[in-house]
Amino acid sequence: MSSKIKILVPIKRVIDAALKPRINKTHTGVESKGVKYSINPFDDIAVEEACKMRKNHKDLIEAIHAVSIGPGKAKEVLRTALAKGADTSTLVDVGEEEVEPLVVSKILKSFVEREGSNLVVLGKQAIDDDSNQVGQMLAGLLGWSQATNAAKITIGKDGIVEVEREIDGGVEVVKAPLPMVISTDLRLNEPKFVTLPKMMKAKKKPLEVVKPTDLNIEISKRLETVSLEEPAPRKAGVMVNNVDELISKLKELKAL
Amino acid sequence: MITDTNDLIAFNQDWMKKYTGQSQLVLKPKTTEQVSKILAYCNEKKLAVVPQGGNTGLVGGSVPVFDEIVISTASMNNIRSFDESSGIFKVDAGVILEAADTFLAEKGHIFPLDLGAKGSCFVGGNVATNAGGLRLLRYGSLHGSVLGLEVVLADGTVMDSMHSLRKDNTGYDLKQLFIGSEGSLGIITGVSILCPARPKSVNIAFLGLESYEKVQKCFQTARSDLCEILSAFEFMDRDSQQLAAKSLKTTHPLCQEDETGVDSVPEYPFYVLLETSGSTKEHDDEKLENFLEKVMGDETVVDGTVSQDETQLRTLWTWREGIAEASQQFGGVYKYDVSLPLDSMYSLVEAVQERLKKLNLSSTEDESKPVYEAVGYGHIGDGNLHLNVAVREYNKEVEKALEPFVYEFVSKHHGSISAEHGLGFQKKNYIGYSKSKVEIRMIKDIKNHYDPNGILNPYKYI
């Protein structure tokens, strides 16, 4: 392939996947104080995949740029991405503000244009709002090909990227030339631990901080959260002694 | 009450399948009063009993030797009370350690003890065996954190000191007699224990080191530089990591290649798992970062990683906690749990490996050899070594090669032959290696006074 690949990896800082989130007292969102945050697991997979591409295609990958939209503390997840192998990174500091998928997509579009990226690898969704929209919206805004929920990515010699997606009952294979947007699924890879020497080196790698206004993008909201409620707890089960009792119970509940 | 032969197996056999008794009766009392009545009756009729908790012991202390009646505390599993202001937590003896800790977690507190078997071991058993575990470095031993006990003595008398507050300086501290008594003086039915506030920020670093000397140096630096946030410092040799890799079948945390299982374990001969616990993440992160920079800078540590999220944190712990189970994947394991001065600690593992090689008993490849490998790991912070000899079968020849060799080695280096597992059935003949004649006489006097008929957990400990 003639042109080189420049990858953009967007990552989000979310409440740790292993923790149970709690709804806040005002029922407007989840409790964020005193909670552990980490990189969105799907984004971790995206970073890992970008680094794997570089390992397998040394001459092909020219740059990996990581970008995160979030509070100042999101620098931590960018540092991790840098340690894993991203070359440069940017934090779009929006403070504690929640940014909706469309605005996220617009911000990312501006980075694609600025960095001259021709491949975006990102998590299929963030585990906090589970929107699963950014990859698709970004591809739409850019007018690029998209391959969602990737379980395997192969970059062909002809510059055609082949992506396997797990679907009900089998695997679907999609192919497209660059530029394209790929969103990652759980089985794409297993992220490795970041070693200390890499973490130390990452401290010297560039981490730029910009404001949304620097990008001429206004953070507006189209959605309003009315109220957030926990699902009703499941009712306790009943033990029956024999089949007859089971049938009469089912009839009682009008299940038969 | 259980008398069915099939149901009895679980109570007659320890989890390593090393010790099996012939008990025909298991009793599961629900109240302290029932325990009291059972013991009064057994004492009168001179019937021997074995108190049993989660049956996770490693020295055959919790299973019958012959046909003793098993008294299981499994049905006494209520949390009695928790006082949020003082942190005093009162539970029945049969509460599972993990359940106790989960309850406390919701109240922002932590159980001052944590060990690999937390999912099945009981709090009462932990106290009766004076379990040490992974965080002794931080929270100290149960002799300090247990405030009071409810114990049923051999004749059915109930000793109740559950009301005790933190400070009580009115003479003999009787509860201490039962902490680590291994069921030989009474059956613990209730525990009152002081629980500290749960740390809000926890970090794990997993390090690769080039020698045992470097492990010691790393520990010294950790103690001085991480100081109050250091909550665990565990070391593991490479063989133990290979064993763990063989049973976990995943990729070692320090592996950067696409390997799994044994091939993924890097070449470093020693590994350290270090945990920090504190109240402010930024403060802890900064301290840990400075520490890591220092030990990497002076080459005490050559490689390592730090947990980035909760899942990684749990994964890293499995590479330490999983060794115990991994050690018996080939059929069985001889476990030695000893205290030794830090500088001579690992030399015991080397000495045992050499001895087994010389006697032509061990090989990782040749399956006709009874021993697979001897591995070492443990709590550096407490000077406590776990020597696990993974075997393909339990066999007299191996036993003779190990005992009393291990005990003599420990005694010569002024260590203890049982740092935290107790003596039980396995080590009862070797108490002399760690206790003096005078001490043994006094222990026997106490035993004879409170259990004159010798019905409580006979043939063990003393």
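Chain A has 6 helices and 11 strands. Helices here are DSSP runs of H or I with at least four residues, strands are E runs of at least two, and both are numbered from the N terminus. This is a predicted model: local features need pLDDT of at least 70, side-chain atom pairs count only at pLDDT 80 or more, and totals for chains, interfaces and linings use all residues. Residues are numbered from 1 along each chain as its sequence is written, with chains lettered from A and ligands numbered from 1 in the order in which they are written.

Confidence next. The predictor gives the complex an ipTM of 0.78 and a pTM of 0.83. Chain B has an average pLDDT of 90, and 100% of its residues score at least 70. That score is the predictor's confidence in each residue, from 0 to 100.

Back to chain A. Its C-alpha atoms fill a box of roughly 75 × 45 × 40 Å along the principal axes. Of its 256 residues, 36% are buried. Buried means 20 or more other C-beta atoms within 10 Å of the residue's own; exposed means 12 or fewer; partly exposed is in between; C-beta atoms are placed from the backbone. Now take the contacts in chain A with a separation of 6 or more: 69% of them join residues 24 or more positions apart. A contact is two C-beta atoms, placed from the backbone, within 7 Å.

On to the cores. A nonpolar core is a set of buried Ala, Val, Leu, Ile, Met, Phe, Trp, Tyr and Cys residues joined through C-beta atoms within 7 Å. The largest one has 131 residues, and A:Val9, A:Ala66, B:Val272, B:Leu348 and B:Leu387 touch the most other members. Which element gives the most to this core? Helix 1 of chain A, residues 41–56, with 7 residues. Apart from this core lies another, of 53 residues, including B:Ala100, B:Ile193, B:Leu423 and B:Phe425.

Let me zoom in on a few residues. Leaving out residues up to four places away in sequence, B:Leu348 touches B:Val338, B:Leu340, B:Leu385, B:Leu387 and B:Phe409. B:Tyr336 sits in strand 13 of chain B, residues 332–339. Is B:Tyr336 buried or exposed? Buried, because 28 other C-beta atoms lie within 10 Å.

In chain A, look at A:Val77, in helix 2, residues 75–84. A:Val77 is buried, with 27 other C-beta atoms within 10 Å. Setting aside neighbours within four places in sequence, its contacts are A:Ile11, A:Arg13, A:Ile39 and A:Ser68.

Helix packing now. Two packed helices are described by the angle between their axes and the distance between the axes. Axes are lines fitted to C-alpha atoms, for helices over the stretch in contact, and angles run from 0 to 180 degrees between N-to-C directions. Under 35 degrees counts as roughly parallel, over 145 as roughly antiparallel, 65 to 115 as roughly perpendicular, and the rest as oblique.

In chain A, helix 3 (residues 101–115) packs on helix 4 (residues 134–142) at about 50°, axes 9 Å apart. So these two helices of chain A are oblique to each other. Contact residues include A:Leu108 and A:Val112 of helix 3, and A:Met137 and A:Leu141 of helix 4.

In chain B, helix 8 (residues 212–225) and helix 10 (residues 281–297) pack at about 150°, axes 10 Å apart. Helix 8 is therefore roughly antiparallel to helix 10. Among the residues in contact are B:Cys218 and B:Ala222 of helix 8, with B:Phe291 and B:Val295 of helix 10.

Also in chain B, helix 9 (residues 238–248) meets helix 11 (residues 310–326) at about 80°, axes 8 Å apart. So helix 9 is roughly perpendicular to helix 11.

Last, the backbone. Most residues other than glycine have a negative phi, and most peptide bonds are trans. Where are the cis bonds? One runs from A:Leu178 to A:Pro179, with omega near 0°. A:Pro179 is in the loop between strand 9 (170–177) and strand 10 (180–184) of chain A. Another joins B:Glu403 and B:Pro404, with omega about 5°.

For positive phi, see A:Asp130, at about 50° and not a glycine. A:Asp130 counts as exposed, because it has 9 C-beta neighbours inside 10 Å. B:Cys227 also has a positive phi, near 40°.
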